[in-house]
Amino acid sequence: MPPLLFPATPRCVACRRATAAVASASRSSSSSSSSSASFDAAAFEAERRGPGWRPPPPAAAGADPRAWKWEIRKRVWDALEADGVARDPRPVHHRIPNFDGAPAAADALGRLDVFQNSQCVKVNPDSPQKQVRFLTLSGDKKLLTPQPRLRTGFFSVLDSQMIPIGCIPEACTSVGAAKYGKPIGLDERIKVDLIVIGSVAVDPSSGARLGKGEGFAELEYGMLRYMGAIDDSTMIVTTVHDKQLVDDIPVEKLLVHDVPVDVICTPTQVIFTKTTIPKPQGIYWEKLSPEKLGQIRILRELKKRIEQETGTILPSGPSEQLPPTAQRRRGRRRR
C-alpha cells in the first residue's frame with residue numbers, strides 16, 4: 001500500500017518543487033548562514049580523521065557493504081550545502097543535518113494526534129530537533145533525551161514542572177538537559193509514548209531511514225526495548241527537509257537493527273509511510289563491534305549484567321575502525 005501523504009502530492013517531483021520554493025524564499029534572509037555553501041569533502045574528511053589519513057582506494061570502498069549508505073548520505077549532505085538550505089552547525093556532513101525550515105517541520109509534528117496524546121516523548125539531541133524538544137516541554141510532557149553520544153551516561157528525563165519559568169529554551173540544549181534533567185539507569189520504569197529520531201535520508205515509500213552512520217539511534221532504541229519502555233506499537237517520527245527525501249534506499253540491504261520510521265514531517269508536508277519494515281527487537285550483540293562497545297559504558301554494563309544473569313557469554317561483532325571524536329576547545333583557566 002502506498003504511503004499516505006498530507007497534502008496529497010506526488011512524492012518526488014512535488015517535494016523538490018516545494019523545497020526549491022522554500023529555499024528561494026529564504027535565501028535573501030539567510031545569506032549569511034549559507035555563505036559557506038562551498039564544501040571541500042576531501043579536506044573535511046582528512047581533518048576529521050586526523051593526520052596520516054588517506055582515502056581508501058576505489059576497490060576497497062566498493063568492497064565495503066556499507067558503501068551504498070555513504071553514497072546516499074553524501075549526496076544528501078552535498079545537496080543541502082549546495083542548495084543553501086544547510087544551517088549551523090556547519091558543515092552538515094557527518095551530522096544529523098540542521099536545515100532551513102526545521103522549526104516548521106517540528107510544528108507539523110507538534111500538530112499530530114500521536115504527539116498531542118503522548119505523555120513522554122523521546123527526542124534525539126541534535127540541532128534540527130531542538131524545536132521538537134521545546135514543544136515537548138512547553139506542552140507539559142516529559143522529555144527523554146540521550147546524553148551526548150552515550151559515552152559517559154545514558155538518558156536524562158526532563159519534566160517541565162521541575163524547570164524554572166523561562167528556562168525551557170535552555171533545557172532544550174545539551175547543557176540544559178544535563179542541568180535540569182534527571183539521569184536514569186537501565187532499571188528505570190518508564191513508558192515512552194513516541195520516539196522522534198533524526199535522519200540524514202529517509203525513503204517515504206518504505207519508511208527506510210539512514211542516520212549519520214554511527215549507530216547511536218539504533219543502540220538507544222535497542223536499550224529502550226530491553227527496558228520495556230517501548231514496543232512495536234511505539235510510533236517513530238522524523239523531521240527532515242524535503243531534500244532529504246530519497247527513493248533509492250534498498251530495503252533488502254537494511255540490517256536487522258536499522259530503525260524504520262512511521263511518520264515523516266518536513267516543512268511542507270506530513271507523510272505516513274505505512275512501513276512494513278520490522279522494528280528491531282533489542283540489541284543485536286553479534287553486530288556490535290568491540291570498538292563500539294568500548295566507547296559506550298552503559299552498553300558494557302548491560303552486557304555484563306545479561307551475561308551474569310544468563311551465565312552465557314554474549315557474541316560480539318566484527319572489528320571496525322571508528323572515526324575519532326571531534327574535540328571541543330576549552331579555554332585555559334587563568335591563574
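Tutor: Let's start with a definition: two strands pair if DSSP finds at least two bridges between them. Keep in mind that this is a predicted model.

Student: Thanks! How many bridges join E4 to strand E5, and in which direction do they run?

Tutor: Pairing calls for at least two bridges. Strand E5 covers residues 182-184, and its link to E4 comes to 3 bridges. The two strands run antiparallel.

Student: Which residue in E5 is the bridge partner of Val157?

Tutor: Look along E5 for the residue bridged to Val157. That partner is Lys182.

Student: Which strand is joined to E4 by 5 bridges?

Tutor: This neighbour also runs antiparallel to E4.

Student: How many of the residues of strand E4 are buried?

Tutor: Buried means under 20% relative accessible area. Strand E4 spans residues 155-159 and is mostly covered. Of its 5 residues, the buried ones number 4.

Student: Let's turn to cavities. What is the volume of the largest cavity?

Tutor: Counting cavities of 30 Å³ or more gives 1. The volume of the largest cavity is about 50 Å³.

Student: Which element gives the largest share of its lining?

Tutor: The lining includes Ile195, Ile197, Ala217, Glu220 and Tyr221. Two elements, strand E6 (194-197) and helix H10 (216-227), each give two or more residues. The largest share, 3 residues, comes from H10.

Student: How many residues of that lining are charged?

Tutor: Lys122 and Glu220 are among the lining residues, and Lys and Glu count as charged. The lining also has 6 nonpolar residues and no polar ones, and the charged residues number 2.

Definitions and conventions: Residues are numbered from 1 along each chain as its sequence is written. This is a predicted model: local features need pLDDT of at least 70, side-chain atom pairs count only at pLDDT 80 or more; totals for chains, interfaces and linings use all residues. Side-chain values use heavy atoms; hydrogens and water are left out. On a 1 Å grid over the protein atoms alone, a cavity is a set of points where a 1.4 Å probe fits but cannot get out, and a pocket is an open set with protein on both sides within 12 Å along at least five of seven lines; lining residues have an atom within 4 Å of a point. Grid points are joined across faces, edges and corners, and a volume is the space filled by probe spheres set on the points. Buried means under 20% relative accessible area, exposed over 50%, partly exposed in between (1.4 Å probe, protein chains only).
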